[in-house]
Amino acid sequence: MRFPVGSLFASLLLIACAPEEDGNVALRGVLITGGDSGGGTVFNTHVLDTQVFSELEPLGQPHIGPGLDSVNLAGNIEVLQLTEEGGELVGFDWLGFKYSGEALLGSEWIISFNSGLLEIPMVLHHIDDDGAVPHYQFYHHKNAVKQPNCPEGKYGPGHARVLSGLSVDENNGEVSEVPGLLYLACDTGATGKAADLGYYDWARSQGDLELFETAIRVLRADYCYDGDSHTKPGVELVLEDDWGIHPPSPDHAENPVEAVWGPNGLLCHGKGRLTDIACLSKNKVPECPKDTTFATYSDALFITRLP
């Protein structure tokens with residue numbers, strides 16, 4: 001069973017209005033609370049043995065970085081093409097037969113690094129499909145000990161959501177379109193957390209990955225939009241957005257505003273999650289006025305508040 005939206009810093013509490021009988025009412029205002037995942041500072045937490053990686057080149061394609069060399073299903077069925085459809089992993093064999101869901105369980109994936117000089121197998125162990133999209137738990141063996149690829153979170157070993165056609169530059173935080181690329185986003189990292197909060201699907205529906213990029217920056221407290229995080233595991237924040245995915249909550253209307261986040265930088269600021277927000281003098285970012293709402297700034301995408 002999946003618990004309410006994984007963890008950025010490991011758990012998510014949905015605050016304010018209770019769902020009505022039809023179950024379609026948006027949950028208002030989310031308080032993201034602390035945990036032990038470390039996801040507050042890192043983009044992703046996916047590790048295979050000692051190799052940290054997120055992105056995989058298409059199956060069987062030449063690559064310099066991490067690449068997917070082969071996928072074999074139970075019964076020694078070789079997958080020749082692997083893709084993502086609506087968040088679900090889908091594989092095709094040489095006859096064009098399609099495999100997904102339980103048919104992929106137990107499949108062995110050979111991941112190679114350093115242009116194929118190092119090959120490490122991983123196995124698809126579990127599929128959690130209780131949520132809107134499946135999440136996948138991979139494991140590998142390290143020194144003959146079974147290890148999950150996504151680290152332990154509050155509710156046990158993490159699962160990965162499969163994102164496709166994008167790349168995250170961990171030097172500056174930019175998200176760009178790269179057709180064919182698969183991204184394994186652990187729910188114990190900021191990229192997976194932003195996806196679980198609904199912002200990957202929203203960005204795709206709008207044809208604008210910069211919306212997803214900004215969501216990741218918000219969760220990592222990347223105030224300067226330069227890829228540097230200014231938070232740590234265990235720090236809480238209240239998150240609101242302008243699209244109604246997690247709209248403002250009256251329960252947190254009086255909470256102090258940390259920042260208003262626009263598409264290209266902060267629109268205003270208060271006190272940061274840990275200390276005063278740096279780098280703002282050169283960008284001439286004003287302090288947020290009292291009673292700041294989305295109506296205060298027409299370009300606002302997110303408002304974060306301190307608990």
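At the start of helix H3 (209-220), a side-chain oxygen of Asp-208 comes to within 3.0 Å of the backbone nitrogen of Glu-210. The model is predicted: local features need pLDDT of at least 70 and side-chain atom pairs count only at pLDDT 80 or more, while totals for chains, interfaces and linings use all residues. Residues are numbered from 1 along each chain as its sequence is written, and side-chain values use heavy atoms, with hydrogens and water left out.

**Helix H3**

- H3 has 12 residues and spans 17 Å from its first C-alpha to its last, close to the 16 Å expected at 1.5 Å a residue; the expected span is 1.5 Å times one less than the number of residues.
- Helices (H or I, at least four residues) and strands (E, at least two) are DSSP runs, numbered from the N terminus.
- Because 11 of its 12 residues are buried, H3 is largely enclosed by the rest of the structure; buried means under 20% relative accessible area, exposed over 50%, and partly exposed in between (1.4 Å probe, protein chains only).
- The buried residues of H3 include Leu-209, Phe-212, Glu-213, Arg-217 and Arg-220.
- Just after H3, Ala-221 adopts a positive phi of about 55 degrees.

**Nonpolar cores**

- A nonpolar core is a set of buried Ala, Val, Leu, Ile, Met, Phe, Trp, Tyr and Cys residues joined through side-chain atoms within 4.5 Å.
- The largest nonpolar core has 32 residues, of which Leu-163, Leu-166, Phe-212, Trp-261, Leu-266 and Phe-302 touch the most other members.
- Among the elements that each supply at least two residues of this core are strand S17 (160-168), strand S18 (175-186) and helix H1 (190-196).
- H3 contributes the most to this core, with 7 residues.
- Another core, of 27 residues, lies apart from it and includes Leu-68, Leu-104, Ile-127 and Leu-184.

**Loop residues with positive phi**

- Most residues other than glycine have a negative phi.
- Asp-49, in the loop between strand S3 (47-48) and strand S4 (51-52), has a positive phi near 60 degrees.
- With a relative accessible area of 27%, Asp-49 is partly exposed.
- Asp-291, in the loop between helix H4 (280-283) and strand S22 (302-305), also has a positive phi, of about 60 degrees.
- Asp-291 is exposed, its relative accessible area being 59%.

**Leu-95**

- Leu-95 is placed in the loop between strand S9 (88-92) and strand S10 (98-100).
- At 53% relative accessibility, Leu-95 counts as exposed.

Definitions and conventions. A polar contact is a pair of N or O atoms within 3.5 Å; within protein, one must be able to donate a hydrogen and the other to accept it, and residues adjacent in sequence count only if both atoms are side-chain atoms.
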